[in-house]
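Please open the model in your viewer and follow the stops below, selecting each group of residues as it comes up.

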Amino acid sequence: MLYIIFAQKLSIALIVIFHVMFMTGFSMMYNNSMTIGLQQLEVMHIAGSPYQGQSKQVVMGSQAAFIVLFIFTLLIFACVLRLIKRDKQGLVKN
């Protein structure tokens, strides 16, 4: 909002000040929102046995989520390598 109000008078100093203010507010809000959001996800409990405690289920669910994210990372990395190879062969158009 401050960027909109001061759009015609922005200087480097104002941009830095506004960004610091934004990041301070974001940092204060983000962790709480993430914690509350993760508590709402059923997927965090899906990997564990129903006979385990809730904390163990959350750990197992988190581990499963990290494995899925790692697999996505590997797939993206493979796609990037393939694009680099195709670019070196001149098959990629700019």
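The expected span of a helix is taken as 1.5 Å times one less than its number of residues. With that in mind, select helix 2 (residues 12-40) of this predicted model: its 29 residues reach 41 Å from the first C-alpha to the last, close to the 42 Å expected. Then centre the view on methionine 29, where helix 2 bends by about 25°.

The accessible surface comes to about 8,400 Å², of which 70% belongs to carbon and sulfur atoms.

Now turn to the aromatic rings, among which a search of the whole structure finds four pairs. Select tyrosine 3 and phenylalanine 18, whose ring centres lie 5.7 Å apart with the planes at 85°, so the pair is edge-to-face. This pair links distant parts of the chain, since tyrosine 3 is in helix 1 (residues 2-5) and phenylalanine 18 is in helix 2, 15 residues apart. Tyrosine 3 is partly exposed at 35% relative accessible area, whereas phenylalanine 18, at 8%, is buried. Phenylalanine 22 and phenylalanine 26 form a stacked pair, 6.1 Å centre to centre with 25° between the planes; being four residues apart in helix 2, they are separated by about one helical turn.

Finally, select isoleucine 76 in helix 4 (residues 54-88), which counts as exposed at 55% relative accessibility. Isoleucine 76 is one of the residues making a nonpolar surface patch of about 1,200 Å², which also includes Phe66, Phe72 and Ile84.

Note on methods: Residues are numbered from 1 along each chain as its sequence is written. This is a predicted model: local features need pLDDT of at least 70, side-chain atom pairs count only at pLDDT 80 or more; totals for chains, interfaces and linings use all residues. Side-chain values use heavy atoms; hydrogens and water are left out. Accessible areas come from the Shrake-Rupley method with a 1.4 Å probe; for residues, only the protein chains shown count as cover. Patches are made of residues with over 30% relative accessible area and no salt bridge: like charges are joined within 9 Å, nonpolar side chains (Val, Leu, Ile, Met, Phe, Trp, Tyr) within 5 Å. A salt bridge is a side-chain nitrogen of Lys or Arg within 4 Å of a carboxyl oxygen of Asp or Glu. Helices (H or I, at least four residues) and strands (E, at least two) are DSSP runs, numbered from the N terminus. Buried means under 20% relative accessible area, exposed over 50%, partly exposed in between (1.4 Å probe, protein chains only). The bend at a residue is the angle between axes fitted to the seven residues ending there and the seven starting there. Rings of Phe, Tyr and Trp (its six-membered ring) pair if their centres lie within 6.5 Å; planes under 30 degrees apart count as stacked, over 60 as edge-to-face and the rest as tilted.
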